Amino acid sequence: MRDKALRALEEYRMLPPGSRVTAAVSGGADSAALLHFLCGLRRERALALTACHVNHLLRGEESQRDEEFVRALCRDWQVPLQVFREDVSAGAAAAGESVELFGRRVRYSRLEQAARGGQIATAHTLSDRAETTFLNLLRGTGLKGLCSIPPVQGRVIRPLIFCTREEVEDYCRENRIPYVTDSSNLSDAYTRNRVRQTVIPPLRALQPAFYTVYGRMLEHLGQDEDCLQSQADEVLERALDPPGLDAQALDGLHPAVLFRVLRRFFDREGLPCEETGIKGARRLLQAGRGRLQLQRDCWLILSGGRLAVLRDQGRLVLEPLAVGPGPLPPNPLAKGSLRLVNYEQFTNLQKLGCNILKKTIDYDKIYGRLFLRQRKEGDYFRSYKRGVGKPLRKWWNEQKIPAQRRDRIPVLADERSPVWVLGLGADERVRLTEATTRFLVIDIEEDNA
C-alpha cells in the first residue's frame with residue numbers, strides 16, 4: 001500500500017515539501033491507514049499534519065465510540081485533532097435532502113474549516129472508486145462520472161486512490177494499526193453497500209485482475225475526459241462575454257465539447273449542472289433566442305447573441321429620467337448612450353451592419369422631452385418592422401417574458417408614448433423615412449451588473 005500511495009503522491013504532485021495537510025479520520029481502516037502513512041512522511045516532507053473527525057450522530061453509542069477512538073489515536077500519534085459534532089439527520093430533514101448527501105456536504109464543509117486553506121487528505125481507495133463508477137452508471141452518467149472519484153479535486157487529495165480496500169487492511173495488520181468498523185457498512189439498506197457486496201465480487205470472480213483492468217480503464221477514460229475538457233476550456237475562454245457567453249462562439253461545436261462548455265459555465269454561475277438545464281441551453285442556442293427558467297428566480301436567456309443567466313433581484317422602482325444625446329446618466333435600469341448623427345454618418349453605420357435600423361429613430365419625430373423609464377400601465381407599442389400594434393404587455397406575453405422581469409426592461413419614451421423598447425426596437429411613429437435628416441442611434445442594454 002505504501003508504494004502505491006507514494007506513487008499517487010508523485011504522479012499527481014500531492015504534498016510538496018512543507019505542505020499543510022488535514023487528514024479526514026473516521027476511525028475506519030482506510031482513514032487510520034491514511035493517517036499512519038502521513039505520520040510517516042511528517043519529518044521527511046516537513047508536513048504540518050492535523051486531523052479532523054466529523055461525528056454525524058447517526059449511530060448513537062457507536063458514533064460516540066468512533067469519536068473517542070479517533071481522539072485516542074491522534075493523541076497516541078501526536079496529531080492535533082479537531083472534532084465536529086453535527087446532527088446530520090435533523091439537518092437533512094430541514095434541508096429536504098438525503099442523509100447521505102447532506103452528510104457529505106457537512107463533512108467537506110467542516111474539513112475546509114479545519115484545513116484553513118491547506119490541503120485536505122481523504123482515504124478514498126480504488127475500491128471506493130469502482131463502487132462509485134457503478135453507482136454513477138446506474139444514474140446514467142457520462143464520461144466524467146465513469147472516471148469516478150478524482151485523485152485530486154481542488155485542495156482535496158486522495159493518496160490511497162491506487163490501493164484496494166484489501167491492501168489497506170493488509171497494511172493495517174502488518175503495522176498493527178487499530179481501527180473501528182462502522183456497522184452501517186454491513187447494511188444492505190444503502191445502494192453502495194449492495195454494489196460492494198453483490199456486484200463487485202462476481203466481477204472479480206470472472207476477472208481475477210479486476211482492479212488492474214479497472215485501473216487501466218480509468219487511465220484511458222481520464223485522458224479522454226482531460227482532452228475534451230481542455231478543448232472546452234479553450235472555447236469557454238473565447239466565448240466569455242460578461243455577463244454571459246457569445247453564442248456565435250458556440251456555434252458548430254461537437255456536442256461533447258458544448259456539453260462541457262455549458263457545464264463549466266453553469267458551475268461559474270453557481271448553478272447545478274443538471275441534464276434539463278444543459279438540454280434547455282442547447283435548445284436556446286439552436287433557436288437563436290429565448291429563455292428558460294432554471295430555478296424559481298433564475299433564468300437562462302439568449303438575446304442579442306449572448307447567453308446569460310439572469311436572477312430576479314426584487315422589484316425595481318425608478319423615476320423616469322430625462323435623457324438626450326450623450327451617455328445615459330447612472331441608473332439601475334440600463335447603461336449605454338444615445339448618439340445623434342446626420343445622414344452621412346448614419347449611412348456609414350449602416351455599412352457596418354450591427355442591426356442599426358432596429359435601434360435608430362427619427363429624432364425630429366420625438367414629441368416633447370425624452371425619458372428613460374420602466375413600463376407603465378397602458379403602454380402601447382406599434383412595431384415598425386411587423387406593422388402591428390398592441391399593448392406592451394401583450395408583446396411581452398408573446399415573448400414569454402416573466403412578470404418579475406418586465407420592470408427591468410428599459411423603455412425610451414417621449415411625452416406621448418414609448419418610442420423604443422429593448423428587444424422590440426423602434427416604434428412605427430418614429431420610424432426612419434427618406435425625409436429623415438437627424439438620426440438618434442440608441443445604444444442601450446440592460447444594466448444587470
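Two strands count as paired if DSSP finds at least two bridges between them, and helices (H or I, at least four residues) and strands (E, at least two) are DSSP runs numbered from the N terminus. This is a predicted model, in which local features need pLDDT of at least 70, side-chain atom pairs count only at pLDDT 80 or more, and totals for chains, interfaces and linings use all residues. Residues are numbered from 1 along each chain as its sequence is written, and side-chain values use heavy atoms, with hydrogens and water left out.

**The six-stranded sheet**

- Six strands form an open sheet in the order S3-S2-S1-S4-S6-S5, and their pairing is mixed.
- Strand S3 (81-85) and strand S5 (152-153) are the edge strands, each pairing on one side only.
- Strands S1 (residues 20-24) and S2 (residues 48-55) run parallel and are joined by five bridges, with Ala23 standing opposite Ala51 in S2.

**Helix H12**

- Helix H12 (residues 275-287) has 13 residues, which at 1.5 Å a residue should span 18 Å (the expected span being 1.5 Å times one less than the number of residues), and its end C-alpha atoms are 18 Å apart, which agrees.
- The buried residues of H12 (under 20% relative accessible area, with exposed over 50% and partly exposed in between, using a 1.4 Å probe and protein chains only) are Gly277, Ile278, Gly280, Ala281, Leu284 and Leu285.
- Just after H12, Gly288 takes a positive phi of about 90°.
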